[in-house]
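Hi,

Here is the structure I promised to pass on. Have a look at it first, then read my notes below.

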Amino acid sequence: MTQLDLITTVAPVRVREISAEHDARTEPRLVRLAIIGIAVTFLSLFVVLPLVIVFTQAFSRGVSAYLAALAEPEALSAIKLTLVVAAISVGLNLIFGLAAAWAVAKFDFPGKTLLITLIDLPFSVSPVISGLVFVLLFGAQGFFGAWLQARDIHILFAVPGIALATTFVTFPFVARALIPLMQEQGTQEEEAALSLGASGLQTFFRVTLPNIKWGLLYGVLLCNARAMGEFGAVSVVSGHIRGETNTMPLLVEILYNEYQFVASFAIASLLAMLALVTLVVKTILEGRLQEGQVPRDD
Amino acid sequence: MTIEVRNIVKKFGSFTALDGVDLKVGKGELLALLGPSGSGKTTLLRIIAGLDWPDGGEVRFDGENALARGAGERHVGFVFQHYALFRHMNVFENVAFGLRVQPRAVRLNEDAIKKRVNELLDLVQLAWLSDRYPSQLSGGQRQRIALARALAIEPRILLLDEPFGALDAKVRKELRRWLRALHDEIHVTSIFVTHDQEEALEVANRVVVMDKGRIEQIGTPGEVYDNPATAFVHGFIGESIVLPVDVRDGRVELGGKALNLESQGAGAGPSRLFVRRHDMQVGPVGSGVIEGAVRRVRAFGPIQRADVALPGGDGETLIEIDTPRDRELNPGDLVGLQPRRYRIFSAST
């Protein structure tokens, strides 16, 4: 056997040994199992288990008790209020967020950095503080309190206050979803549309909006989830008037404190379902967003 | 359509992008704006298109004030460097866009739009791609669709911003020839921006050389190559050998030694002598006005290229010369250099 033959017969065996034991990107099996185990345990404890408990508690006295709890006037009123508040704040934030993202992504102006920081403010402030701000502004002793009282306008402890607080807390979602997307897309397509004779509105509806629609939906979705689930800020401005100013999260707490577990968890199960639906839609939208990012060859 | 630009000034913060630019473009011309990056050529193009606004000056189309009109009202076709095709529309819809956004009173009906778009797609030879999306096209195809889209509105002027800049060399050469042929066919007044001198010289009727927000020279490709008006143009277009010389009492000195060369009216003081590489004749010592020592020789193809050290400036200047391959040249040899044609510019210009 020549030396060359020796090398060719021995070498493949070596390579296989190395790939099993010493591949730089693969951990030993024990470590891999341990890491996967930790992740699965953590997820089960903190995500799956609570979800299961919410639903088992909600249905602990059967389906009819569950449905009866949801049909209570107080529950119906809370669901209706939550939907109304979410519709208002999502609608407002759709417009504000779009305008803010448009301004930040497509134009340069003094104070742009400040604007970006301000957009993020609601994320960094405790929701309770956000609520308190509106109490200080519109409360009886507040900045506009006397003026509003003289004209019999109710903002605090009424729908407008709850909608305002929710809008404030959820403001960043739409803008945050759009700014990076619009920055990446630049202004050239808009310029092309303008030079082809399109008006500003035509450019927006035919070029800008189709390009950002998935990002916009993504922002709206997250904004909606947060608007429906908001507790802290709403709790401060709501006044907890039963059947009038309780949103679903507030009602969950009230019912729980009154030991009405089935009713409390029934409402909670609705919020949990909202979360699950949001998650599914979010995953679909993220896929769309990825597709939308056309690879450029330049 | 003629274009007249008068004393255009444009500043971005403290940076002056255009510093008093005057330019006249005749009907049916194909003009190149040539310059290094930061010379203001793209800014000038965008101002003509109405995508940017000047801080001062005038833009006139056929004598009419264009600055009074927005980009959409100028009937200017603009082709962007990175195509800027609408990514959510297919090729057909991209080309049809300019026709569909017309006010209802003048908008073509659907059949007429279809006919016009198909004509344009035939013109750019890409009718078979009409259902594709921009992301499915090659760079060259995208650029031709962008051109068809710009032509759809029957522009009075066609403006192209680095139209071939993002393409690879082979496609670039092909498209260049194609654009030239297309212009001969449709004869619309056109301006294109480029930093590639070969592109400018090959495609354009006239070339505008720009630097630092100013126009250095306007002329036919032959004029700007053979008779550069400034040191910048000489250095930017074609390959030049540059020597630091001094002009004293109308004589030209290199490294303190007077050369038997005309000062061409350059003012006294430090100046630069420009010679095209092919205009520098290489011979034995004494055959030229300049003497130098060969440092290094590279031979490839029909020529050999040599680094030659000349006295001058502070110490010595190294220049690159070409000679025919059959001429024996070795490191250490002394050679005589004689510029057949040359230009002298004061160092301040």
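Chain B has eight helices and 20 strands (DSSP runs numbered from the N terminus: helices are H or I with at least four residues, strands E with at least two). Before you go on: this is a predicted model, where local features need pLDDT of at least 70 and side-chain atom pairs count only at pLDDT 80 or more, while totals for chains, interfaces and linings use all residues. Residues are numbered from 1 along each chain as its sequence is written, and chains are lettered from A and ligands numbered from 1 in the order in which they are written.

The C-alpha atoms of chain B fill a box of roughly 80 × 45 × 35 Å along the principal axes. Of its 349 residues, 41% are buried (20 or more other C-beta atoms within 10 Å of a residue's own, with C-beta atoms placed from the backbone).

Now for a helix pair. In chain B, α2 (residues 91-100) and α3 (residues 110-123) pack at about 125 degrees, with axes 10 Å apart (axes are lines fitted to C-alpha atoms over the stretch in contact, and angles run from 0 to 180 degrees between N-to-C directions). That makes α2(B) oblique to α3(B) (under 35 degrees is roughly parallel, over 145 roughly antiparallel, 65 to 115 roughly perpendicular, and the rest oblique). From α2(B), the contact uses F92(B), V95(B), A96(B), L99(B) and R100(B) (contact means C-beta atoms, placed from the backbone, within 7 Å). On the α3(B) side are I113(B), R116(B), V117(B), L120(B) and L121(B).

Finally, chain B gives 20 residues to its contact with chain A, and chain A gives 18. On chain B's side, β6 (76-79) and α2 each give two or more residues.

Cheers

How values were computed: Contact = placed C-beta atoms within 7 Å. Buried ≥ 20, exposed ≤ 12 C-beta atoms within 10 Å, placed from the backbone.
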